[in-house]
Amino acid sequence: MIRRTARRACIGALALALAACATPVPDAPPQAMTPPAPARAPSARDAHLPPPVEPKPLHVARAEFVQETAATYGLDPAWVQSALDGAQMREGIIAAMSRPAEAKPWREYHPLLVTPARIDAGRAFLAQHREALARVEARTGVPPEIIVAILGIETSYGANTGKYRVLDALYTLGFAYPRSGDPARAEREARREAFFRKELGELFALAKETGFDIATLTGSYAGAMGWGQFMPSSYRQFAVDGDGDGRRDLFNSLDDVFASVANYFVQKGGWVRGGPVAMPAVVDARAVELPEPGLEPVYPLSELALRGYRPLRELPADTLATLIRLEGDAGPEYWIGFQNFYAITRYNISAHYAMAVYQLSQAIAAPALPVAAQDADAA
Ligand SMILES: [Ca+2]
């Protein structure tokens, strides 16, 4: 049995929505939102915009949800109805989702996630679970330090797996997603509400499949669960039984957690065994920046070299990569990101997130400096 200490919200909520969870929420991280505003008459200025998507009355939406969920997953509608009757709208969840998520530059972002305490705890965690993690790496190709870094950033190694009932979180966001009242955002807000409502349906299916009591599962304010913060759909699709007891338990079995995070990287992210994640770029004086390189590795290194960017270590010219620009302490930093960097962004669609995971993993895997060297370093 794993000891869980102080249960707090997913680090995503904790650290200003800096991190997020497996099955990234569309448009994550959440943008600044204001409380729902009363409906207003469209102005002439709005005439060219599509009309706002008006939410259905709650009782209608709930009744439709019960029928659709029962039909989609082959569940007893009476059970879905009765569990839904026990769900509660939570103000704290609305507030967390409405909180402005500032897009911090890298120089402010990484010190919040890659902390000395998290590195030390990660080294200890890796040492403690090295054999189990090595078995997972042998099967999947995902290195131990990458799995450990994910768990460190998502939940501080299982310490903060989330305090909200997942049922309440998904019910609240699926039926009362905060509305800004801005017609330009109405469609996006409706899409996010639909996403959480679908995840609520997936939660019912998950409870049926796993035997979990839907009323007692806890997670982040966004409904992400367990050590790796899996949303219900990801849990159903990517969680695997690592310890062979016939159950997929991402709350209590570390073998299941390790195997499931690795499986997510392989299945969803296309993790390449032995492949590089990212490397600092050597930049020519006359380098020509790519306008919007994106996260996907679609540029052969030969093309990046023509533009003036080369990886620190030589690799085959046809290796596919992308260019990552970070706003560092001393100005822009350029990195080359490969398929495995992209794989980390499937966990949370953010170059900052993926780079924080990668750099934490490298710090965890690096041998700690001997005490004498640390003293010399500090002097
Ligand atoms: Ca298991």
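Residues are numbered from 1 along each chain as its sequence is written. Because the model is predicted, local features need pLDDT of at least 70 and side-chain atom pairs count only at pLDDT 80 or more, whereas totals for chains, interfaces and linings use all residues. The predictor's confidence in each residue, from 0 to 100, is expressed as pLDDT. The chain has a mean pLDDT of 87, and 82% of its residues reach 70 or more. Over residues 1–19 pLDDT stays under 50, and the model has 61 contacts beyond four places in sequence for this segment; a contact is defined by C-beta atoms, placed from the backbone, that lie within 7 Å. Over residues 375–379 pLDDT likewise stays under 50, and here the model has 1 contact beyond four places in sequence.

Secondary structure was taken from DSSP runs, numbered from the N terminus, with helices (H or I) of at least four residues and strands (E) of at least two. An open sheet is formed by 5 strands in the order β4-β6-β7-β3-β5, with antiparallel pairing; strands are taken to pair if DSSP finds at least two bridges between them. The edges are β4 and β5 (309–311), each of which pairs on one side only. Strand β4 (residues 299–300) is joined to strand β6 (residues 320–328) by 2 bridges, and P300 has L320 of β6 as its bridge partner. Between β6 and strand β7 (residues 331–337) there are 7 antiparallel bridges, with T322 partnered by G337 of β7. These two strands, β6 and β7, form a hairpin with 2 residues between them.

The largest nonpolar core contains 88 residues, and I147 and V357 have the most contacts inside it. Such a core is a set of buried Ala, Val, Leu, Ile, Met, Phe, Trp, Tyr and Cys residues joined through C-beta atoms within 7 Å. Helix α15 (residues 351–365) supplies the largest share of this core, 9 residues. When residues up to four places away in sequence are not counted, V357 touches A149, I150, I153 and I344.

A residue is classed as buried if 20 or more other C-beta atoms lie within 10 Å of its own, as exposed if 12 or fewer do, and as partly exposed in between, with C-beta atoms placed from the backbone. In helix α5 (residues 106–113), the buried residues are Y109, H110 and L113. Viewed down the axis of α5, the buried residues fall within an arc of 90 degrees and therefore line one face of the helix; the arc is that of the directions from the helix axis to the C-beta atoms. The elements that cover the buried residues of α5 include α8 and α15.

Helix α8 (residues 144–155) contains E154, at which UniProt places the feature "active site" in an unreviewed entry. UniProt positions are given in the numbering used here, feature names are shortened, and annotations may be inferred rather than shown by experiment. E154 counts as buried because it has 30 C-beta neighbours inside 10 Å.

V257, located in helix α12 (residues 254–267), also counts as buried because it has 30 C-beta neighbours inside 10 Å. V257 and W227 are 30 residues apart in sequence and 6.8 Å apart in space, C-alpha to C-alpha. Beyond residues up to four places away in sequence, V257 touches G226, W227, G228 and L250.

Notes
Contact = placed C-beta atoms within 7 Å.
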